[in-house]
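I opened my notebook to go through this structure piece by piece. I wanted to write down each thing I looked up in words that I could follow again later.

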Amino acid sequence: MSSILQNLVNQPYQHGFVTDIEADIAPKGLSEDTIRLISAKKNEPEWLLELRLKAYRHWLKMEEPQWPNVKYPKIDFQAISYYSAPKKKKTLASMDEVDPELLRTFEKLGVPMNERAKLAGVAVDVIFDSVSVATTYKAKLAEVGIIFCSISEAVQEHPELVRKYLGSVVPVGDNYYAALNSAVFTDGSFCFIPKGVKCPMDLSTYFRINTENSGQFERTLIVAEEGASVSYLEGCTAPKFDTNQLHAAVVELIALDNADIKYSTVQNWYAGDENGLGGIFNFVTKRGLCKGVNSRISWTQVETGSAITWKYPSCVLRGDNSVGEFYSVALTNHRQQADTGTKMIHIGKNTRSTIVSKGISAGHSNNSYRGLVRIAPVATGARNYSRCDSMLIGDQCSANTFPYIQVNNPGATVEHEASTSKIGEDQLFYFAQRGVGAEEAVSMIINGFCKDVFQQLPMEFAVEATKLLGLKLEGSVG
Amino acid sequence: MTEAGTGNYLDSLMRGQAPLQAASASPLWLKQLRARAVERVASLTLPNTRDEDWRFTDLLPLTQLSWRPVQGAALISPQELERCALPEAAARLVFVDGRYAPQHSFNHAGLTVENLPAGMTAQGAIVEAELARHAEFEHDAFAALNTAFLQDAALIIAPRNAVLEAPVQVLFVSTQQETASYPRCLVIAQEGSELTLVEEFVALHQGAGFSSAVTEMALADNARVRHVRVQNDSTAAFHIASCAVSLAKASRYQAVSVALGARLSRYNLSVLLAEAGAECSIDGLALIGGRQLADSHTLIDHAKPHGISRQLHKCIVDGAAHAVFNGKIMVRPGAQRTDSSQSSRNLLLSGKARVDTKPQLEIFADDVKCAHGATVGQLDADEVFYLRSRGLSDAAARKLLTYAFGAEVIERIAIASLRARLERAVQAQTGEAS
């Protein structure tokens, strides 16, 4: 039986290929000159350069954090190239002008953007390495006043908005990797939903790391004004490489009065091979600020890739009656390590938060949930419910939970529950008895285990996520 | 004490004490043990809030105080003794300001219940095999301090298959303010033996004091120990204690610890399920108010298969008090069929009260059942309303519900007189609250 389960976890990475596109790469190394180069290349205003330099100077003084429950070789920040852009063509009028090689890449990934985007009603802002190559559906969104573009474009066209909100949720000196990102970020997405507008479609971005040895420093900023609402989808895949790649993204969400932001992620970057060679280091800072009253921010993530995942999508619930949600599935296999969870900081009155975390570990992997629920002294009537479940497949992996609960207000109610289980032999026997093979049975049991989270995903992503978990645990039944 | 002085604070604690009397009579291995501990104290520093284990418990107030050596004879009046004596006890050991008080102690238990130096003459080999083997002091400055000052200590040895129903009471009494003491207790339960230990820490003054206690327990195959620990130190005192328990095959350890006193208290309980089929249940209650801080760190380490552990930790926090709980459950590789559950329940009674709780699971085996839960909240409004509808005043309803919250832990103590005494303490405290 256990050999079946062991075999179930050996699915090779399906998206492992390198697209040969000439990239405009900055020399390796990090210094103020590199930052000035990035800023100059992107034709940025003075204030943004200042912000970058401030972050860089802050970063120099900071120490690499040691507290996460992950192990990795020391990163040489001078061996990374901080800027790489596909050779620029003139402004693209239509999809036909996009590099055919690039289009083929998306084809292999199963993202025929020109068709699928329309069919699914999704506007896809494609990030290929660090520069936004094509943006669709922009006009349609512009009709209702929504700005959805790459962050470099936003810096040029809406500098007042970017300046107002950039770094307001994750300050430049917030943590080691956020400071690094603030200093060297090259591109990312910007989304602005004006007052009272409900975004007519789900927005999504496909991130993809391509050039070997180029760290990706994405920056995403989403602002929902009073009464606005948006659902944002982010999906990731990356090609197979042997050297570790650092990815230190920053995502900032801001919800004003009565606004609603839903942020969904499916992350399937290259996780390294069975022996833990290669794979992406995913050190991400994601934070949402419920600034206004009755605002709501919801994070949903399905983390299946990366050699190391280290991220805590968080909510700062400042507005009264604001709501924070976190739904997560983290699957680790082989030598993968994940230290993920959330922070819910309750400041406003009657703020509510829900945390549902499902961790699945297989192979020799290490999967940790680390969460913080903090109730400030002024957060009267705050309410939190947390539930984190772990499932272990095999006896070489580990599952850990580190929930921090800090309560400073007697009017608050905080509940936390956690459990650990495995796929029972009798469950598999039951399936076998009904004629369902072990592989399919495991897939079904896992889907049942993750149901609470998958239900939160938008339809297309729910399908993709279900498939992805199946793929990740699939293998020859021995 | 200056900032730079926090590292040297341990040295000042070492110097502030009178040299150990009669230490020259100790066997060589004990002298070497002490010397090693002295060495460790010299190289360790006092933990600060940057250490994960001390994040919420700031020892800075401690470093601003210094302690004088204990003066005079170790004596308390019979009335004072009466207040904390257990009528059920089959044996009692009393330590006054860290020193053994033979005139207050007795032993009808039929087991070894003695002061360590006396007990060692007959049981030297057994003691040598266990003393300081369970409570490591390599990285723990307070355990190292305690070991460095190791002289008078409670020694309890239950021989093979000895079963004692009545409790053994070990009483550590503080009578002098501004002194430091290092209570120590060693319990050895041999194969198939059974005993109940009641450890109590009381102060007969309201002044400051510092104590760093260490308790060690070694349970052999099929042994069973019930352990009740009551900390009722002066509300100006600093009480830092650790208890290390090691469980052999199919042994059982049941503990209830109650923290009532001290300005700052810290209790580290670590239970190692070293062999298959061991079982432990550890419960705790912290009942604090004013500006008290009660910190409880527990570690249940499942090293071998088929272990069972149960834990219920409750805190009732009033005034501007601060309760900290960190409960770690470790399931080592190969510790299959482990069944563990842990629950942390916290009741906040005032607007300034604060709770930091962190139940923690680290699991390295797949065939296990582990669950933990934590809640923080106030009294349920519906429950208060129900009692009020039955004619109770708001204050009486709250008092009753708070009492019931704490009683769940106290009820697990099998000794009637102690249970009654603690129930009165809870009532007294909640009475002030309402």
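**Entry 1: ground rules.** I noted that this is a predicted model, in which local features need pLDDT of at least 70 and side-chain atom pairs count only at pLDDT 80 or more, while totals for chains, interfaces and linings use all residues. Residues are numbered from 1 along each chain as its sequence is written, and chains are lettered from A and ligands numbered from 1 in the order in which they are written.

**Entry 2: two helices of chain B.** I looked up helix 2 (residues 28-43) and helix 6 (residues 141-148) of chain B, whose axes come within 8 Å and cross at roughly 140 degrees. Helices here are DSSP runs of H or I with at least four residues, strands are E runs of at least two, and both are numbered from the N terminus. The axes are lines fitted to C-alpha atoms, for helices over the stretch in contact, with angles from 0 to 180 degrees between N-to-C directions. The two helices of chain B are therefore oblique to each other, since under 35 degrees counts as roughly parallel, over 145 as roughly antiparallel, 65 to 115 as roughly perpendicular and the rest as oblique. I then listed who meets whom: Leu33(B), Arg34(B) and Ala37(B) are among the residues on helix 2 of chain B, and Ala144(B) and Leu145(B) are among those on helix 6 of chain B. Contact is taken as C-beta atoms, placed from the backbone, within 7 Å.

**Entry 3: domains of chain B.** Chain B is divided into domain 1 (5-275) and domain 2 (381-434), with bounds from an automatic or database domain assignment. Their C-alpha centres lie 31 Å apart, and the contact takes 10 residues from domain 1 of chain B and 9 residues from domain 2 of chain B. On the domain 1 side, strand 11 (224-232) and strand 13 (252-259) of chain B each supply at least two residues.

**Entry 4: where the chains meet.** I found 30 residues of chain B in contact with 28 residues of chain A. Strand 20 (354-363) and strand 21 (369-377) of chain B are the elements that give two or more residues to the chain B side, and strand 20 of chain B gives the most, with 10 residues. Strand 24 (residues 413-422) of chain A pairs with strand 21 of chain B in the antiparallel sense over 7 bridges, where pairing requires that DSSP finds at least two bridges. In this region I marked Thr420(A), which stands opposite Cys370(B) in strand 21 of chain B.

Definitions and conventions:
Contact = placed C-beta atoms within 7 Å.
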